[in-house]
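Subject: A structure to look at

Hello,

Here is the structure I promised to pass on to you. Have a look at it first, and then read on for my notes.

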Amino acid sequence: MTKGGSLIMKYSDAIAIRIEELLKEKNLNTNSLAIKSGINESTIRSILNKSTKSPTVDTIRFICIGFGIKVYEFYNSDLFDESNINDD
């Protein structure tokens, strides 16, 4: 869905896209991210395939640890601009 030329997505979509971006940027796969973050690979996969709609703050924090970034860096993306999110 688009709004004024911008992509409108659910929050879970933005999280999944951001993780995919960082996996590519950091040259990691889901298994290596799971090892580095200390969470199950199945948890990461469930976020990526959007069967987990609302990952917990702790899960995002551990994923950030795995990427070697701060939580604010994870959310420092236009994906999370409120004009791009519609969770209705």
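**What I found**

Leu-33 has a relative accessible area of 0% and is therefore buried (buried means under 20% relative accessible area, exposed over 50%, partly exposed in between, with a 1.4 Å probe and protein chains only). Before going further, please note that this is a predicted model, in which local features need pLDDT of at least 70 and side-chain atom pairs count only at pLDDT 80 or more, while totals for chains, interfaces and linings use all residues. Residues are numbered from 1 along each chain as its sequence is written, and side-chain values use heavy atoms, with hydrogens and water left out.

**Around Leu-33**

Leu-33 sits in helix H2 (helices are DSSP runs of H or I with at least four residues, strands are runs of E with at least two, and both are numbered from the N terminus). Setting aside residues up to four places away in sequence, Leu-33 touches Ile-19, Leu-23, Ile-44, Ile-63, Gly-66 and Phe-67 (contact means heavy atoms within 4.5 Å).

Leu-23 has its own set of contacts: beyond its neighbours within four places in sequence, it meets Leu-28, Asn-29, Thr-30, Leu-33, Leu-48 and Phe-67.

**The core**

Which residues have the most contacts inside the largest nonpolar core? They are Ile-15, Ile-19, Leu-23, Leu-33, Ile-63, Phe-67 and Phe-74, in a core of 22 residues. A nonpolar core here is a set of buried Ala, Val, Leu, Ile, Met, Phe, Trp, Tyr and Cys residues joined through side-chain atoms within 4.5 Å. Two or more residues come from each of helix H1 (11–25), helix H2 (30–37), helix H3 (41–48) and helix H4 (57–67). H1 gives the largest share, 6 residues. As background, nonpolar side chains tend to be buried together in soluble globular proteins.

**How the helices pack**

Two packed helices are described by the angle between their axes and the distance between the axes. H1 and H4 pack at an angle of about 15°, and their axes are 11 Å apart (axes are lines fitted to C-alpha atoms, for helices over the stretch in contact, and angles run from 0 to 180 degrees between N-to-C directions). H1 is therefore roughly parallel to H4 (angles under 35 degrees count as roughly parallel, over 145 as roughly antiparallel, 65 to 115 as roughly perpendicular and the rest as oblique). On the H1 side, Ile-15, Ile-19, Leu-22 and Leu-23 meet Ile-60, Ile-63 and Phe-67 of H4. By class, the residues of this contact are 7 nonpolar, no polar and no charged (Ala, Val, Leu, Ile, Met, Phe, Trp, Tyr, Cys and Pro count as nonpolar, Asp, Glu, Lys and Arg as charged, and the others, Gly among them, as polar).

H2 and H4 pack at an angle of about 105°, with 7 Å between their axes. That angle is why H2 counts as roughly perpendicular to H4. Leu-33, Lys-36 and Ser-37 of H2 make this contact with Phe-62, Ile-63, Ile-65, Gly-66 and Phe-67 of H4. The contact of H2 with H4 has 5 nonpolar, 2 polar and 1 charged residues.

**Helix H3 and what follows it**

The buried residues of H3 are Ile-44, Ser-46, Ile-47 and Leu-48, and their cover includes H1, H2 and H4. Ser-46 has a relative accessible area of 15%, so it is buried. Apart from its neighbours within four places in sequence, Ser-46 is in contact with Ser-51 and Thr-52.

After H3 comes Lys-50, with a positive phi near 65°. Lys-50 lies in the loop between H3 and H4 and counts as partly exposed, because its relative accessibility is 29%.

**Two more residues**

Asn-27 is not a glycine, yet has a positive phi of about 55°. Asn-27 is in the loop between H1 and H2, and is exposed because its relative accessibility is 70%.

Leaving out neighbours within four places in sequence, Ala-14 is in contact with Met-9, Leu-79, Phe-80 and Ile-85.

Best wishes
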